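Subject: Structure handover

Hello,

Below is the structure I said I would pass on. My notes on what was found in it follow.

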Number of protein chains: 4
Amino acid sequence: DAIRVLDHGFVRLDDAMADDLSVANAARVSFARRKEEMDDADRGLIGFLMRERHGTPFEHNAFRFHVRCPIFVAREWFRHRISSFNEFSMRYAKASDDFYVPAPEDVRTQVGKPGAYTFEPVDAELAERTRAELRAVYDAAYAAYERLVEAGVARELARAALPVGAYTEFFWTVNARALMNFISLRNAEAAQREIRLYATACEALFARHMPVTHAAFVANERRAP
Amino acid sequence: DAIRVLDHGFVRLDDAMADDLSVANAARVSFARRKEEMDDADRGLIGFLMRERHGTPFEHNAFRFHVRCPIFVAREWFRHRISSFNEFSMRYAKASDDFYVPAPEDVRTQVGKPGAYTFEPVDAELAERTRAELRAVYDAAYAAYERLVEAGVARELARAALPVGAYTEFFWTVNARALMNFISLRNAEAAQREIRLYATACEALFARHMPVTHAAFVANERRAP
Amino acid sequence: DAIRVLDHGFVRLDDAMADDLSVANAARVSFARRKEEMDDADRGLIGFLMRERHGTPFEHNAFRFHVRCPIFVAREWFRHRISSFNEFSMRYAKASDDFYVPAPEDVRTQVGKPGAYTFEPVDAELAERTRAELRAVYDAAYAAYERLVEAGVARELARAALPVGAYTEFFWTVNARALMNFISLRNAEAAQREIRLYATACEALFARHMPVTHAAFVANERRAP
Amino acid sequence: DAIRVLDHGFVRLDDAMADDLSVANAARVSFARRKEEMDDADRGLIGFLMRERHGTPFEHNAFRFHVRCPIFVAREWFRHRISSFNEFSMRYAKASDDFYVPAPEDVRTQVGKPGAYTFEPVDAELAERTRAELRAVYDAAYAAYERLVEAGVARELARAALPVGAYTEFFWTVNARALMNFISLRNAEAAQREIRLYATACEALFARHMPVTHAAFVANERRAP
Ligand SMILES: Cc1cc2nc3c(=O)[nH]c(=O)nc-3n(C[C@H](O)[C@H](O)[C@H](O)COP(=O)(O)OP(=O)(O)OC[C@H]3O[C@@H](n4cnc5c(N)ncnc54)[C@H](O)[C@@H]3O)c2cc1C
Ligand SMILES: Cc1cc2nc3c(=O)[nH]c(=O)nc-3n(C[C@H](O)[C@H](O)[C@H](O)COP(=O)(O)OP(=O)(O)OC[C@H]3O[C@@H](n4cnc5c(N)ncnc54)[C@H](O)[C@@H]3O)c2cc1C
Ligand SMILES: Cc1cc2nc3c(=O)[nH]c(=O)nc-3n(C[C@H](O)[C@H](O)[C@H](O)COP(=O)(O)OP(=O)(O)OC[C@H]3O[C@@H](n4cnc5c(N)ncnc54)[C@H](O)[C@@H]3O)c2cc1C
Ligand SMILES: Cc1cc2nc3c(=O)[nH]c(=O)nc-3n(C[C@H](O)[C@H](O)[C@H](O)COP(=O)(O)OP(=O)(O)OC[C@H]3O[C@@H](n4cnc5c(N)ncnc54)[C@H](O)[C@@H]3O)c2cc1C
């Protein structure tokens, strides 16, 4: 269940307690009714709940993801408070030497105003220069980090040198309502391309476990209920 | 997995994604390490996390309970915001005619000051009188409710007559950290006896799925991390 | 700042730290900019944030309400987890003898299917009968409650007799983002008339303190960002 | 109300709706009582609430902080989900060129095992070398960042080069219960020295507005209720 993302990252579904039936049953408790299997009425019900923004029935499930991504992606991800995180610690362990170098076609320029950017590719030369510049900074930063750690400086302090392009990893547990909010905001035009690729991977794993809910989400203009 | 509680209630574990290993693995991600099976080091680690109040590793799991209890118990329960609820609706469906009548030995008197009550049994006569008084109110209230609904009054309005001793039911999904907070506060001296019986049932189901975590919780004076 | 609602209820704004400027400043920290006074650009910015569902800038404020309402209204209200409550305790104190009796024009019948009800007035006779039925239950229930408390039965148990039409009171502290979610759901067609009247009162107090935000909310089809 | 922290940082209280009286009044609503001024009984009550972990009365207030700190401090801070953040955006604006260089006496070595580190000063030479290494990385990284931005590379991508020692700024709004949780964990032995200095500043501002609550918190072994 692991999907590779970017040059050294992945999204892996570590475990899940998630199906569409639990949505229908949570809603049906309003009538003190419960089913053992999904039927067409349930599909209709899930669409209704999504449209009418009855969000709580989508909360009775859980997805536990294991993620590896650059720090700047993690920083955006951890803003999603309605969920649980545990992350690699640069206080307790030595930082990995994996850093994000965008593929040439992912190097881009931004056009337009804040809040309404569009992004366009750059020419091959600038793409390559960008990659070289980043690599050079990463190498110098990691070398300095290693020298400091070697010399006995506390890791938590030495890490100040490490760029936000460095990879980190974490567990993330989230229910479908909050996951849809994440996907809605992060697998979207306005989101940064790198986190968008991660959100796309999460969305695929979500759709696999809750296809009816996912279809209703898409039909509802991808807005979380 | 259903445990009967009070005269017409129950706690049933509808589903769970919960084991002790996930706690250890969530903590071990700090070191980018992961295991497939619990060992003694993990048991020690879980004790350490509990003692030092590292609470987030206890969040990567989920318990989905199906509960039936009197409204006054539900009102206390729903105060626990870090969790998800869906409840029977007295707007959409006709109220059940089950009401809570305490067993004679559960009728009690309160002694002492607010915040420091103790409760003592009452004599058999008062116990029986209490049960009779409650039954009489319940019968009158439910009869009035039925007459109003029969006459066409909206259920959401007619229900105003129904006592908080009426039974309701709901789904409740919660992770182990918030569940321990619930158990800590509700399976405790200061809690009302009725909700305490429910919390005891939840605790038994919790202990079955996460025995090491539960033992560490108990060892930690039953305080959630 | 108190607004009377229903026969014995109110909404009172106990305190607030809330203005539109804080929304603009929270958003402008993205650019490390801050202002001392609102101007037209800020009004445009607030509209943009609302439309684009940038919700966090609406969280840097707080409204503390003091509310008195029937229990069945409070039960709906307390479902809003992203906020803080402290409520009157029927364990620690004696219940009030105020109960909700709808005004004759508020007695209604429900038409249609769950999730799509409409409500229509009932004739004068049924309205009066409803009021009489409710009053009779309330009187009987409260008399039984008093007898039990008098006889020494613990208040927490005696209250089982009290109908959900009984009044309770509480403090409620909430930020504008969660408040808009509340208003969006509760001052709406689909909401029960009684809570809707309370939500209307909250909305008026909200609009007074954050007029630009409120206008943007209304312009955005009354959906919280 | 600004307190300088580290070489380029600060904590400033932007606004607050916070006093001890609101704690007492929130608790007293249990008895439908309210006061206009604090007295000795209230002080006792606040101590009782803290000891008995009645946490909700501490939530009816709000502190809005404006903070400037290194990214690695912000990363720890943003883990506190029960609060609201808005931060400087390196997608929308150009990164500042302020970076954290520890004062010589703040350079340290770590001794012992993860979870039980102690930190000790390093000799003057290593302290100076650490500062020089960090400065060199910062300069190289910022120069590369500027070259890339200059060449048209999107800021959101160019920032991958920037070390977590770079300064960021944000607004943070939080109530006293969650603030005490933050202070309890972050102004503590086990916390990293840099965030600890910030938490100390927050604690001073908290104590100024809610002295009775703060004293009770300290008396309660600095554990949040
Ligand atoms: C395109 C884009 C640009 C962004 N730019 C910036 C930026 O410049 N600066 C910046 O700081 N952030 C920025 N963000 C992050 C954004 O502000 C949110 O922090 C992030 O998207 C998480 O969203 P959320 O609050 O809905 O999620 P969660 O925190 O997971 O919350 C889920 C839902 O719960 C509710 N909720 C949770 N906690 C609260 C609370 N305390 N009060 C009220 N409601 C709550 C809300 O309804 C929310 O929708 C940006 C995000 C996007 C997608
Ligand atoms: C013996 C007893 C007596 C009680 N008496 C009364 C009473 O008289 N009146 C009354 O109103 N209630 C009363 N309560 C209910 C009590 O105030 C809590 O609402 C309830 O116990 C839920 O606890 P919680 O907030 O820890 O749980 P949750 O809401 O599940 O929260 C879990 C944890 O998350 C954090 N948290 C969640 N939301 C917030 C937030 N918005 N701000 C800060 N931290 C947050 C806190 O750390 C909290 O411990 C009583 C409870 C008990 C056990
Ligand atoms: C017309 C109507 C009919 C209703 N009928 C029923 C019914 O029959 N049965 C019933 O049980 N309830 C019913 N409800 C209540 C409803 O399910 C919600 O509990 C209530 O409206 C609170 O909404 P909320 O969850 O958005 O608010 P809050 O709890 O305040 O949450 C605010 C936002 O934070 C986010 N959030 C907070 N906590 C979580 C979480 N744990 N997981 C994911 N996201 C979270 C969500 O984005 C949410 O929108 C009804 C409500 C309405 C308006
Ligand atoms: C010394 C130290 C070392 C640390 N090391 C690491 C590390 O190696 N890796 C790492 O990832 N993090 C680490 N952390 C961060 C830690 O795991 C927490 O994320 C952080 O301290 C915030 O604490 P909190 O969850 O109590 O705060 P908040 O998120 O503000 O929550 C406040 C309270 O609300 C309740 N709550 C809120 N949301 C939930 C939820 N979804 N489920 C259950 N309860 C909830 C809890 O009761 C909690 O105490 C460390 C922290 C400290 C102080």
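Chain A and chain B together bury about 2800 Å², with 59% of that area on carbon and sulfur atoms. Please keep in mind that this is a predicted model.

The interface of chains A and B

The contact between these two chains involves 37 residues of chain A and 36 residues of chain B. Two salt bridges are counted between chain A and chain B. One of them joins the side chains of Arg34(A) and Asp14(B), at 3.9 Å from N to O. On the side of chain A that touches chain B, at least two residues each come from strand E2 (9-17), helix H1 (20-28), strand E3 (62-70), strand E4 (84-87) and strand E7 (167-174). That side of chain A is made up of 15 nonpolar, 14 polar and eight charged residues.

Ligand 2

Which chains does ligand 2 lie between? They are chains B, C and D. There are 22 residues around ligand 2, and those that come nearest are Arg79(B), Arg81(B), Glu87(C), Ser30(D) and Thr56(D). Oxygen atoms of ligand 2 have polar side-chain atoms beside them: one of Thr56(D) at 2.7 Å and one of Arg81(B) at 2.8 Å. For Arg177(D), the distance from a side-chain N or O atom to an oxygen atom of ligand 2 is 3.0 Å. On its own, ligand 2 exposes 940 Å², of which the protein buries 85%. Helix H6 (176-186) of chain B and strand E4 (84-87) of chain C are the elements that give two or more residues to the shell around ligand 2. By class, this shell holds five nonpolar, 10 polar and seven charged residues.

Ligand 3

The site of ligand 3 is shared between chains, because residues from chains A, B and C surround the ligand. The shell has 22 residues, and the closest to ligand 3 are Ser30(A), Thr56(A), Glu87(B), Arg79(C) and Arg81(C). Thr56(A) has a side-chain N or O atom 2.8 Å from an oxygen atom of ligand 3. With Glu87(B), a polar backbone atom is 2.7 Å from a ligand oxygen, while Arg79(C) places a polar side-chain atom 2.9 Å from an oxygen of ligand 3. Ligand 3 has 950 Å² of accessible area on its own, and the protein covers 84% of it. Two or more residues of its shell come from strand E4 (84-87) of chain B, and likewise from helix H6 (176-186) of chain C.

Regards

Note on methods
Residues are numbered from 1 along each chain as its sequence is written. Chains are lettered from A and ligands numbered from 1 in the order in which they are written. This is a predicted model: local features need pLDDT of at least 70, side-chain atom pairs count only at pLDDT 80 or more; totals for chains, interfaces and linings use all residues. Side-chain values use heavy atoms; hydrogens and water are left out. A residue is near a molecule or strand if one of its heavy atoms lies within 4 Å of it. A polar contact is a pair of N or O atoms within 3.5 Å; within protein, one must be able to donate a hydrogen and the other to accept it, and residues adjacent in sequence count only if both atoms are side-chain atoms. Accessible areas come from the Shrake-Rupley method with a 1.4 Å probe; for residues, only the protein chains shown count as cover. Helices (H or I, at least four residues) and strands (E, at least two) are DSSP runs, numbered from the N terminus. Ala, Val, Leu, Ile, Met, Phe, Trp, Tyr, Cys and Pro count as nonpolar, Asp, Glu, Lys and Arg as charged, and the others, Gly among them, as polar. Contact means heavy atoms within 4.5 Å. Buried area is the accessible area (1.4 Å probe) that two parts lose on being put together, summed over both. A salt bridge is a side-chain nitrogen of Lys or Arg within 4 Å of a carboxyl oxygen of Asp or Glu.
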